[in-house]
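Open the structure in your viewer and keep the selection tool at hand. The tour goes stop by stop.

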Amino acid sequence: MNPGDKKEKFMETRIVTVVGASGTLGAEIVRALLEKGAQVRAMVRATSDRTKLESLGVTDFVVADLRDPGSLQRAMTAEPRAVAVVASAAGFSAHTARTKGDNSRTDTEGYRNLVDAARNAGMPRVVLISILECDKAPGVPHFSQKFVTEKYLAEKGQPYLALRAGAFLDRARDVVAQRVRKGVFPDIAPGVALDMIYSPDLARYAAAAALDLPASALNQSVDIRCNVPATGPMVAAAFTRVLGRPVVAKPVLPPLFVALFPLAGWLVPRLRDQIKALAWIRKGGYVSHEGNKQRDLFGELPTVEDSVARYCRDKGLI
Ligand SMILES: NC(=O)c1ccc[n+]([C@@H]2O[C@H](COP(=O)([O-])OP(=O)(O)OC[C@H]3O[C@@H](n4cnc5c(N)ncnc54)[C@H](OP(=O)(O)O)[C@@H]3O)[C@@H](O)[C@H]2O)c1
C-alpha cells in the first residue's frame, strides 16, 4: 500500500446504520452521526416518513422491518458494510401505534431478529438504546424487553453497548415546550425524583459509541442521565431560572385519570404497556444506582439546568 492509499483509507467515510431513524430520537441520532462526519444508512420501513431524514441530507436508505428477518439480513449486509448499528426503534410508542399490525412483536422477536442478523453479518458493534433500570422492571413489558435484548446480545457474542436512558427531558412531540410557554412543566410522577436526559445528549453518546469508543468499552450497559435525579418542581425551578419567568410543575394526568388507569388499559390494549411503565416510574424506581460509567465513557454528566437551558435555546423559548 502506498502512502496515498493509506490516506485514502483513513479518509473513508464510516457508515452507521440507524434502526428507527424515522423516530424522534432516531432523527437526533442521525444528526449527531452526520455532525461527526459519518455517513448514515437509515433503516426505514416501506411506510416510514422519510421527509425529516431527507431534510437532514440522508440519501442512503435501506427498507426493512424488524419483524421480517429476511429484510434485516439484507439491511445488515448492504454494501459498503456499516461499521455499527444504532438501534432506537420501539414497537410500543404512540408514533409506532399508527402502523397497523402487531407492533408488540417489534420489541420481542423483532429485536431478536436484529441481533441474529447483525451477528450473522459480522456487524462490528450494535449500540442499543435501552432503558434505565430495565433489569428491575419485570412487570413492564417495554422495559423488561430491553433487558431481554441486552442479554441476547451478550449470549450471541454480538459486540454491543447498551445505553440505558433515563426519561427524556424533552419527551415526544414538543409537549414540554408547548406547556412551558404557558408557564407549566408537565410532571409525569408528582413527588417522585427521576433520572432524566435531554435526548440530543443521548444521541451524541450513541454516535460516540458507534464511532469513537474503543472495543474495550463494549459489552456492557451504561446508565445515561443528568447529574442528579430531579422532581417536577426541580425541573420547573430550572426553567424558571433559565427563562427568568415563573414555570410551575403540574401533574400531567389528573388524579382521577390515574385512578382509572386499569380501566383505560382494559379498554385500549395498546395503552397497557405505557400505563404499566408510568405506574412503575411513579413508585420511584427510575433512578440509577450506577457509579461512574457514563462519566468514564462520555465525560461529565450534564446538569439539569444546563440541559434545560439548551432545550430552551433549541426550542426557541429564549
Ligand atoms: N421517551 C423516553 O423517555 C425514553 C426513555 C428511555 C429510552 N427510550 C427509548 O428511546 C427509543 C426511541 O424512542 P422514540 O420516542 O424516539 O421512538 P419513536 O419516535 O416512537 O420511533 C420509533 C421508531 O421505531 C420504528 N419502528 C417501529 N416498529 C418498527 C419495526 N417493526 N421495524 C423497523 N422499525 C420500526 C419507527 O418507524 P416508523 O416511522 O416506520 O413507524 C420509528 O422510526 C425507544 O427505543 C425507547 O424505548 C425512551
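**Stop 1**

Select lysine 156 and aspartate 116. The two form a salt bridge, and their closest N and O atoms are 3.5 Å apart. This is a predicted model, so treat every distance on the tour as computed from it. Now colour by element. Lysine 156 sits in helix α7, while aspartate 116 sits in helix α6, residues 104-121. The pair therefore ties together parts that are 40 residues apart in sequence.

Are these two residues buried, partly exposed or exposed? Lysine 156 has 31% relative accessibility and counts as partly exposed. Aspartate 116, at 21%, also counts as partly exposed. The cut-off for buried is under 20%.

**Stop 1: from a loop to a strand**

Next, select aspartate 135 and arginine 164. They form a salt bridge too, with the closest N and O atoms 3.4 Å apart. Aspartate 135 belongs to the loop between β5 and α7, and arginine 164 to strand β6, residues 160-165. Here the parts tied together are 29 residues apart in sequence.

Aspartate 135 is partly exposed, at 33% relative accessibility. Arginine 164 is buried, because its relative accessible area is 9% and the cut-off is 20%.

**Stop 3**

Move to arginine 295 and glutamate 300. This pair forms a salt bridge with its closest N and O atoms 3.5 Å apart. Arginine 295 is partly exposed, with a relative accessible area of 33%. Glutamate 300 is exposed, at 61%.

Now select Glu133, Asp135, Lys136, Glu150 and Arg164 together. Salt bridges that share partners join these residues into one network. How many salt bridges does a search of the whole structure find? It finds 18. Side chains of opposite charge can pair when their charged atoms come close.

**Stop 4**

Phi of glutamate 133 is near 60 degrees, a positive value in a residue other than glycine. Glutamate 133 is buried, with a relative accessible area of 4%.

Then go to asparagine 219. Its phi is near 65 degrees, again positive in a residue other than glycine. Asparagine 219 lies in the loop between α9 (199-211) and β10 (220-224). At 46% relative accessibility, asparagine 219 counts as partly exposed.

Now zoom to the peptide bond from glutamate 79 to proline 80. Is that bond cis or trans? It is cis, with omega near -10 degrees. Proline 80 is found in the loop between α4 (69-76) and β4 (84-87). For context, most residues other than glycine have a negative phi, and most peptide bonds are trans.

**Stop 2: the ligand**

Sort the shell by residue type.

Next, show backbone atoms. A polar backbone atom of threonine 24 is 2.9 Å from an oxygen atom of the ligand. At leucine 25, a polar backbone atom is 2.7 Å from a ligand oxygen atom. For leucine 66, look at a ligand nitrogen atom instead: a backbone N or O atom of leucine 66 lies 2.9 Å from it.

How much of the ligand does the protein bury? Taken alone, the ligand exposes 930 Å², and the protein buries 91% of that.

**Stop 3: a buried serine**

Finish at serine 307, in helix α15, residues 304-314. Serine 307 counts as buried, at 0% relative accessibility. Show its contacts, leaving aside neighbours within four places in sequence. Serine 307 is in contact with Leu169, Tyr198, Asp201, Cys226 and Pro302.

Notes:
Residues numbered from 1 in each chain as written. Predicted model: local features only at pLDDT ≥ 70, side-chain atom pairs only at ≥ 80, totals over all residues. Heavy atoms only, no water. Polar contact = N/O pair within 3.5 Å; in protein donor to acceptor, adjacent residues only side chain to side chain. Areas by Shrake-Rupley, 256 points an atom, 1.4 Å probe, with all protein chains shown as cover. Salt bridge = Lys/Arg side-chain N within 4 Å of Asp/Glu carboxyl O. Helix = DSSP H or I, 4+ residues; strand = E, 2+ residues; numbered from the N terminus. Buried < 20%, exposed > 50% of the residue type's maximum accessible area, 1.4 Å probe, protein only. Contact = heavy atoms within 4.5 Å.
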